[in-house]
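The sequence and structure come first, followed by the packing geometry and the residues in contact.

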Amino acid sequence: MTGNVDTVDIVLWVVLPYMALAVFVGGHVWRYRYDKFGWTTRSSELYENRLLRVGSPLFHFGILIVFLGHVGGLLIPKSWTQAVGISQFAYHVIAVTLGTVAGVCTLAGAAILVYRRRTVGPVFSATTRNDKVMYVLLVGTIVLGLAATVLGNVTENAHDYRQTVSPWFRSIFAFQPEPTLMAQAGLGFQLHALAALALFAFWPFSRLVHVFSMPLGYLTRPYIVYRSREPRLGTTPPRRGWERTP
């Protein structure tokens with residue numbers, strides 16, 4: 001960390017990120033150890049599926065593209081894309097176009113899901129305060145990120161986050177934090193980053209934990225064995241693999 005750094009910048013761009021990261025990791029460990037039965041999305045498909053069939057794919061596919069865009073924008077240095085022949089202009093056009101489309105799809109899907117939860121009685125009854133906080137943080141983070149991207153380009157005052165936000169993000173995981181980089185970023189990106197930190201800190205205690213769920217146990221689980229109470233199973237010889245077990 002360089003010298004002459006403002007105390008507020010240290011708190012915002014060093015202390016808070018590490019606190020959010022610690023809560024994110026530790027919270028998931030705690031949740032997995034002590035609340036395995038609560039590690040679920042608490043699906044409400046049985047209550048209503050017409051709106052869900054539209055909103056869920058829009059939201060999930062949109063957020064997947066948003067996530068991949070953030071991985072590319074934050075983890076891949078600017079020099080690497082230039083080294084493979086991708087100019088700054090080309091990268092900017094691709095990032096803004098895909099980011100805007102993905103962000104709009106994500107927000108549209110989220111709007112449908114929130115509308116569904118508010119207007120469908122059984123779904124609304126199954127919605128907890130935790131769910132409401134999660135939706136506020138999630139939608140707020142997406143709105144701030146989309147606004148920082150779109151408004152910056154509409155006003156022709158786009159901020160090159162790959163020179164500030166991206167290296168700051170990488171410096172956190174390299175344990176060499178550079179808060180001055182984030183202090184130089186635009187206000188929109190700063191608000192987006194703070195909202196994301198709040199979302200990550202809340203993540204382990206919400207239904208968002210299902211992102212890390214994979215049904216790997218289905219690949220190794222034993223076959224279901226059926227036993228009959230009848231002494232005779234008929235005259236037809238059983239098929240291979242269906243022999244009667246004693």
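## Helix α1 against helix α7

The axes of helix α1 and helix α7 (residues 165-173) come within 11 Å, with a crossing angle of roughly 60°. The two helices, α1 and α7, are therefore oblique to each other. The model is a predicted one. In passing α7, α1 makes a right-handed crossing.

On the α1 side, the contact is made by W13, P17, Y18 and L21; on the α7 side, by W168, S171, I172 and F173. Sorted by class, the residues of the contact of α1 with α7 comprise 7 nonpolar, 1 polar and no charged.

## Helix α1 against helix α9

Helix α1 (residues 7-34) also packs against helix α9 (residues 187-202): their axes come within 8 Å and cross at roughly 25°. Because angles under 35 degrees count as roughly parallel, α1 is roughly parallel to α9. The crossing of α1 past α9 is left-handed.

From α1, the residues L12, W13, L16, P17, A20, V23 and F24 take part in this contact, and they meet Q190, A193, L194, L197, F200 and A201 of α9. The contact of α1 with α9 divides by class into 12 nonpolar residues, 1 polar residue and no charged residues.

## Residues of α1 in each contact

W13 and P17 of α1 are among the residues that meet α9. W13 and P17 are also among the α1 residues that make the contact with α7.

Technical notes. Residues numbered from 1 in each chain as written. Predicted model: local features only at pLDDT ≥ 70, side-chain atom pairs only at ≥ 80, totals over all residues. Heavy atoms only, no water. Axes fitted to C-alpha atoms, helices over the stretch in contact; angles between N-to-C directions. Helix = DSSP H or I, 4+ residues; strand = E, 2+ residues; numbered from the N terminus. Parallel < 35°, antiparallel > 145°, perpendicular 65-115°, else oblique. Left-handed = near helix turned anticlockwise from the far one by under 90°. Contact = heavy atoms within 4.5 Å. Nonpolar A, V, L, I, M, F, W, Y, C, P; charged D, E, K, R; others polar.
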